[in-house]
Every structure is written in C-alpha cells, then in structure tokens.
Amino acid sequence: MKKKPDLSIDFCGIKSPNPFWLASAPPSNSGYQVQKAFEDGWGGAVWKTIGAPVLNVCNRYGTMDYKGSKIIGLNNVELISDRPIEVNLREMAEVKRNFPNHAVIASIMVESKKEAWQEIVKRTEETGIDGFELNFGCPHGMSERGMGSAMGQVPEYTCMVTEWVMEVATKPVIVKLTPNVTDIVQPARAALKAKCDALSLINTINSIMGVDLDTFELRPNVGGKGGHGGYAGPAVKPIALHLLSAVGSDPEVMASKVPISGIGGVETWQDAVEFMLLGSTSVQVCTAVMHWGFRIVEDMVDGLSNWMEEKGFEKCTDFIGKSLPRISNFGDFDLGFQTVARINHDKCVQCNLCFIACNDAAHQCIDLKELKLKDEVNERLWPVVREKDCVGCDLCSVVCPVDDCISMVEVDGGRPHITWNELTKSRPEVLEWDKMEQYRKEANIHIH
Ligand SMILES: Cc1cc2nc3c(=O)[nH]c(=O)nc-3n(C[C@H](O)[C@H](O)[C@H](O)COP(=O)(O)O)c2cc1C
C-alpha cells in the first residue's frame, strides 16, 4: 500500500502532528477546550493570550453577514484572557502532560516593562509549554493601555520587547504581527533584529462593523456605545495572504529562514494550502472554529492529505512557499498576454448580468442577439461577445452566476510580449499598441 503523506511539521523546533493550530482566541481559552481540540485532530494551539489583568464587556462580537451567509467577517472588542493566570498556567501544564506530542504555545502580553515581560516568560516556561507567541497585535482595549498593537505598530518597540523576551526565554519565541500598519515588513524586520525564532500573522484588522439605522448605535453595542474592534474571518483572507506573502518574500525574512505561522480567514483545507503555498509552515484558525466548532479540522486533515497524495508531496516542506516565486510586480507582467471572453450558450441562463456589466461598467463589447441554438425556440435575446472589441478585462466572467459559462480564452492578438518595465526603461513615451512594434524594433527591446 502507498505510504500516506506525512503531515507533521517542525516549526522552529516546535513539533506538531499536523500544521493546523488553534489561533490565540476564545476557542483556546481553557484546558478543557484545547484538550478537546487535540482529541478532535488539531495539531497545536496558541493559548488565548495571558497577561495583564482585564475586565471584558458584554456584547463583544459584531458580524458581517452577506446575503444569507452568516459571519463572512467577525468583529470583536474582546480583550485577552480574563481568567486568573495561575489557572491558565495550571491547565497549560496539564494539557502538555496529556498531549506531549502536540504543540502548546503560550500567547503573552503584559505592560511595557522589562521585568513584567521577563517574569511572565519565566513563570510560563515552568508549565512545560513548547513556545511563546508575543501578542503585539490586539487593536482594541489593550492598545489604549500601551499594549498589543501599540507595540506592534512601532518597530523600535517590537524590537525592544522581543529582545527582553529573548534574553530569558529558553523556548522558541514567535512574534505575532499586527496588520494595522502601512508596511508590515518593518515590524517583521524589527522582530528579526531582536533574534525572534518565528513570525505569525495576521492579528485582527481595525474595523467598525456598522450602525443601527433605528437606534443610531454602533454594532456591537455595549450599553448604547460602540467603537472600533478587530476584524477577522473569511473576509480578511485576501488581506492576510497579501501580508503573508509580503513578509515571506522579504529578502531579510527569507535570509533569516524563520518559519511563519499564517492566520486570517482560514476555514477549509484549501484555504490552509493557499497559506502554506505562500510560505506558512503552520496555519492558525479562530473565526471558523467559533462558527463551526473544532471538528472542521477533520476535513482539513483529510483534504490536505488527499491533496498532497494527488500532487505527489510526501511531506509539508515539499510545498511550503512553492507559490512565492510566482509573485510578481505589475511591471513584470506580460503586456502581450491577451484573452477574450467566450460565452458557452449551452450553459447561459440569459440573466444578462454579463451584458449589463459590460455595457454599464466595462467596454460595451457584448451585444444582445437572436440566436438559434440547437432546436430550441427561445424568443429572448442572448449575450454575444464582439471579440474584436473585447479587452479581456474579465468582468463578465466574474459576474456570471453560472460556473464555467463564460471563460477567458487566450488569443494571439499580435501584441509583442513585453513587460511594462522593459517598455518604460527604453521608451517611456510608447503607450499605444499599434506603435509598439515599430518602437520595439527601434529600441531593440527583448521579445519573449
Ligand atoms: C473574539 C476574538 C478574540 C481574539 N483574541 C485574541 C487574543 O487573545 N490574542 C491574540 O493574539 N489574538 C486574538 N485574536 C485574533 C486571532 O488569534 C486571529 O489572529 C484573528 O482572529 C484572525 O484569524 P481568523 O480569521 O481565523 O479569525 C482574537 C480574535 C477574535 C475574533
């Protein structure tokens, strides 16, 4: 029988039977939960952040529901753990004893004082946990007290606090980055400067969920008041993937070889694989577990294993980061790559969304025509693409509600295969397709 792929990972020395970890959040708030998660198949858990004392408020969550789908996005104003530190530490030790081969990581956050950080590191290490995650990302509540994103948004603070921790920690230290910055690479480099062992991202994104049109109050509503909170869930996945790839492809991060734990909107095994292809060694999940429970991991494990088998990957390191070299800048895209839209009229339901989109919001190259298809008598008009005018923007195909009804087909329109960078380097004034060939010859621009 063929050997099953090996899903286990080694994350800067932290071993885990698979790459699926609970993110530091409500699902990892207690020993009972983390233990149940491990029994259900999770490979690791980053414990709900412990540290400075807090009091939580009521009504902590607001959601973005969209046309029948619940929790496309989840906003929260929850703080770090409000359970006593001693209880959390005792339970961490218990879980680690019961599950020695799973990854138990303590997320920590205290006030910006060297003694406070070093004390909590030492106390927590006594539990036997596998590593730390420094929460420099919480965008609400803690940041107002100089913690969380208040630290993660200033690279110098990120570096300073990480150094304090590195001085005393004997277990691997992961620095969790906030997305609420202009350039996430800067705090990532600051953490590397302090010699952290790994990075994780993203924490939640600053957001206001909405306003109640009857009461004028914000959502979520804490006794008539509301404010900004952290946004997570499926809606943030594209942002998380971008930030992950920005960090993962940064030359300094690549040279350091520190592993990255990807977080943000992961709900399915396919989501997880995308994160791994863009450089995540482990993948953390919060909102999807809050929505569907721990057992979603069963499908993640099976899906990943089947996919790896199908692709011939024996272990996770065979494909982690495999898509990073595919990330290019606009300037390196092939300007000569041309497509046109083709409509499969056997699948078309004549909703006309493609026609409306093209006509009102794109390039007016879909006509409505009478068509005789097979023997069918259909008096309604059909959308037909005028290919010579189609610019290949693909709006019609993205609005079409039927799978595989409109495809973008590559055509040879005679454009030279040249990139923007190549073009503008030699003749910045050349911006018309019909003049291109002539200019290309004159300037002797390389054609692929
Ligand atoms: C209700 C809630 C509480 C959270 N609490 C913490 C926390 O205590 N520490 C932390 O580092 N991140 C916390 N997070 C952020 C998550 O760990 C994670 O970074 C974020 O939710 C994105 O992942 P997701 O899209 O899978 O939810 C929290 C998120 C939510 C939604």
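## A walk through the model

Start with everything shown: of the 448 residues in the protein, 50% are buried (under 20% relative accessible area; exposed is over 50% and partly exposed in between, with a 1.4 Å probe and protein chains only). Keep in mind that this is a predicted model, where local features need pLDDT of at least 70, side-chain atom pairs count only at pLDDT 80 or more, and totals for chains, interfaces and linings use all residues. Residues are numbered from 1 along each chain as its sequence is written, and side-chain values use heavy atoms, with hydrogens and water left out.

Switch to cartoon. You'll find 15 helices and 20 strands, taken as DSSP runs numbered from the N terminus (helices H or I, at least four residues; strands E, at least two). The C-alpha trace spans about 75 × 60 × 55 Å along its principal axes. If you draw contacts (heavy atoms within 4.5 Å) between residues at least 6 apart in sequence, 71% of them join residues at least 24 apart.

**Stop 1: the ligand**

You get 24 residues, the closest being Ser-24, Thr-49, Lys-176, Gly-265 and Thr-287. Now look for pairs of N or O atoms within 3.5 Å, the cut-off for a polar contact; within protein, one atom must be able to donate a hydrogen and the other to accept it, and residues adjacent in sequence count only if both atoms are side-chain atoms. The side chain of Thr-49 puts an N or O atom 2.6 Å from a nitrogen atom of the ligand. On the backbone side, an N or O atom of Gly-265 sits 2.6 Å from a ligand oxygen, and one of Cys-286 is 2.9 Å from a ligand oxygen.

**Stop 2: the cavities**

On a 1 Å grid over the protein atoms alone, a cavity is a set of points where a 1.4 Å probe fits but cannot get out; a pocket is an open set with protein on both sides within 12 Å along at least five of seven lines; and lining residues have an atom within 4 Å of a point. Points are joined across faces, edges and corners, and a volume is the space filled by probe spheres set on them. There are three cavities of 30 Å³ or more.

Helix 10 gives the most, with three. By type, the lining of the largest cavity has 20 nonpolar, 13 polar and three charged residues (nonpolar: Ala, Val, Leu, Ile, Met, Phe, Trp, Tyr, Cys and Pro; charged: Asp, Glu, Lys and Arg; polar: the others, Gly among them).

Next, select Cys-358, Cys-365, Cys-390, Cys-393 and Cys-396, which lie nearest the centre of the second largest cavity, lined by 15 residues. That cavity is about 90 Å³, and its lining divides into 12 nonpolar, two polar and one charged.

**Stop 3: the largest pocket**

The largest pocket has a volume of about 420 Å³. Of its 19 lining residues, centre the view on Val-258, Pro-259, Gly-279, Thr-281 and Ile-320, the closest to its centre. Strand 1 (9-11) and helix 8 (251-256) each supply at least two lining residues.

**Stop 4: two buried side chains**

Pick Ser-28, in the loop between strand 3 (20-22) and helix 1 (31-40). Buried or exposed? Ser-28 counts as buried, because its relative accessibility is 0%. Its side chain reaches the backbone oxygen of Val-46 at 2.8 Å.

Then jump to His-102, in the loop between helix 2 (85-98) and strand 7 (103-109). His-102 is buried too, at 16%, and its side chain reaches the backbone oxygen of Trp-42 at 3.5 Å.

**Stop 5**

Most residues other than glycine have a negative phi, and most peptide bonds are trans. Finish on Lys-257, where phi is positive, near 60 degrees; Lys-257 is exposed, at 70% relative accessibility.

How values were computed. A residue is near a molecule or strand if one of its heavy atoms lies within 4 Å of it.
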